[in-house]
Each structure stands twice: as structure tokens, then as C-alpha cells.
Amino acid sequence: MSFIRSLDEKQISALLSGKNIDLFNLLKKDVLSGTVFPAVRKNQIYFYYEGGCLYKFSNGKFARDKAFEKYGCENKNLSAYEIAKKQVENKFTNVMGNVKERRLLNSLYCCTFDKTRLFDTVVLDIEVNLNGNIGGGKKCDLVLYNVPSNTIMFVEGKVFFDSRVNVKRGSMPEVIDQVNTYSEAIAEQHQTVIRQYANHVEIINRLFGTKYPIPQKLVRQAKLLVYETPLNITENNSYSIDTITSALGIDNVVFMRQNDTPSTDDIWNSLCK
């Protein structure tokens, strides 16, 4: 299995015609407003919303994960599309441990397609499985694209009080192995990842009217972004911060303070020095 980003002409034609075009137009409207994020896969597109996959386009048609339907929506005045969105909201609102992280990461997606937001750095991809021999099945949260430098970077996002980050003194934060695994996976497929994201950019430019240049470079080290670092640091907090920073390197992790909402440019400048 390898890392592929593609959408052939047959799939593009199907997406933009017939019974698919009405739903695509609804999704595109939300993409351009920053509430839905499209992620190209192997001859597929996943449309993410509020932490979950709202629709998947594959084999010439749209499909939903049936598991979302149990997160009911009783408002009969809503359209099928709005009900689908509400069900995704309900699912991830109920998973309390993920709510803060999802909301903070979701707030970054809008800069990619909203033409009123002028950022040097945009979100190119989310929930990324590198599909190589290393770390198969693990998903990195973000791929950021710094347009002026034509460079892409993988970033894992966490909130500080996630048990994989904040640990008792003497324990090893799990997030260290997680980020190192992504770095090894990137190294395994470095040139392939760059080529496939060139395909990805061409596809989103065509479908959503963006004009991003083709990426040329990839930061080889995966990075860690930690939100909600407490203002008053305890002994265990300090131990966790020092252990993670020592293991990953000071240039590869940034701890954002509680209530900070960094932009994509802030994150890039903090992690790519």
C-alpha cells in the first residue's frame, strides 16, 4: 500500500453531473465558507465536518457512514443535507474528550478556501494516513502548506490535558512515539508524498477555484502542536512539557497557552524556524 492522492476524469465527471451535482454544490458552498473541508484520497474525496466525515465520494456516488444516523435529529423541517450535518455534530459533541481538540483544529480549515482570509499558510489535508509500511492505520491531524516557500509540513494536534500528553512524573507521554512514527513514515515515502500532494493541489484548484502553486518541498520531521497549556504549571505539567520537548526537539513542538487560538501562520512560524 502506498500514499496516493488522485481523482480521475471519470470520477470528476460523475461528481459534477447528474444526481451528484446538487449535493456537490451544497458541499462546495460550505467548503468555500470554511465549514466543510474536502480531502482527496485514492480516487475519492472525503468531505469532513465538525470532526467527522460528512460524505464520501467514491465510485461515482456519494455515501455516508451509516453509524452517524443513530445520532438522531428530530427537526423535520431540515433538509437531508442539514440533518446529515446535525448528526455529525451530535456524534462529536457527545465525545467530550475530543470536543476541544476538534473545535480548535476545525477553526483552521476555513483559511484554505475562504478568499477573504489571506494567509501564507493553509491547511492542505486532514486525518492523514500515510499508508506505508510504517505506522499504517495511524492518522496525523494536519498537513499545512506554506505557499510562499512551496513547503508542506505534517502536524499532530493535541490538547494539553490529553492523557497522551500530560502524564505523571516518571511516565513517558505516548504522543512522543506517535509523532516519531509519523516522521519515520514521512522519511519512508518522502518523494512520493510531495508528488501526490502536487496531484492533490491540482484537484482542489480545479474543483474549488483555488490557485495554489504545486508544492515542491516537505519538512521531514513531523511536528506537535499542543493547545490549552495551563497558565499555572504544576510539577507534573512541567515534567510532561520538558520530557516532550527533550524527546522531539525544541523546534518540533509548540505549547499554546490556554485560550490561545493561533492562526495557521502562527503555527507555521512557531514550528518551522
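Student: How many bridges join strand β7 (residues 151-159) to β9, and in which sense do the two strands run?

Tutor: In this predicted model, strand β7 (residues 151-159) and β9 run parallel to each other. Within this pairing, valine 159 has tyrosine 227 of β9 as its bridge partner. The number of bridges that join β7 to β9 is 5.

Student: Which strand pairs with β9 over 4 bridges?

Tutor: Leucine 225 stands opposite valine 254, a residue of β10. Together with helix α7 (residues 235-248), β9 and β10 make a right-handed β-α-β unit. The strand that pairs with β9 in the parallel sense over 4 bridges is β10 (residues 253-257).

Student: Is strand β9 (residues 223-229) largely enclosed by the rest of the structure or largely open, and how many of its residues are buried?

Tutor: Buried here means that a residue has under 20% relative accessible area. Strand β9 is largely enclosed by the rest of the structure, because the count of its residues that are buried is 7 of the 7.

Student: Which residues touch the most other members of the largest nonpolar core?

Tutor: This core holds 80 residues, and its largest share, 8 residues, comes from helix α6 (residues 190-208). Leaving aside neighbours within four places in sequence, phenylalanine 154 is in contact with residues including Val128, Ile186, Tyr197 and Leu218. The residues that touch the most other members are Phe47 and Phe154.

Student: Which residue takes a positive phi in the hairpin of β2 and β3?

Tutor: Strands β2 (residues 44-49) and β3 run antiparallel and are joined by 6 bridges, with tyrosine 49 opposite glycine 52. The hairpin has 2 residues between the strands, and the one with a positive phi near 50° is glutamate 50.

Notes:
Residues are numbered from 1 along each chain as its sequence is written. This is a predicted model: local features need pLDDT of at least 70, side-chain atom pairs count only at pLDDT 80 or more; totals for chains, interfaces and linings use all residues. Side-chain values use heavy atoms; hydrogens and water are left out. A nonpolar core is a set of buried Ala, Val, Leu, Ile, Met, Phe, Trp, Tyr and Cys residues joined through side-chain atoms within 4.5 Å. Buried means under 20% relative accessible area, exposed over 50%, partly exposed in between (1.4 Å probe, protein chains only). Contact means heavy atoms within 4.5 Å. Two strands pair if DSSP finds at least two bridges between them. A crossover is right-handed if, with the strands pointing away from the viewer, the path from the first strand over the helix to the second runs clockwise.
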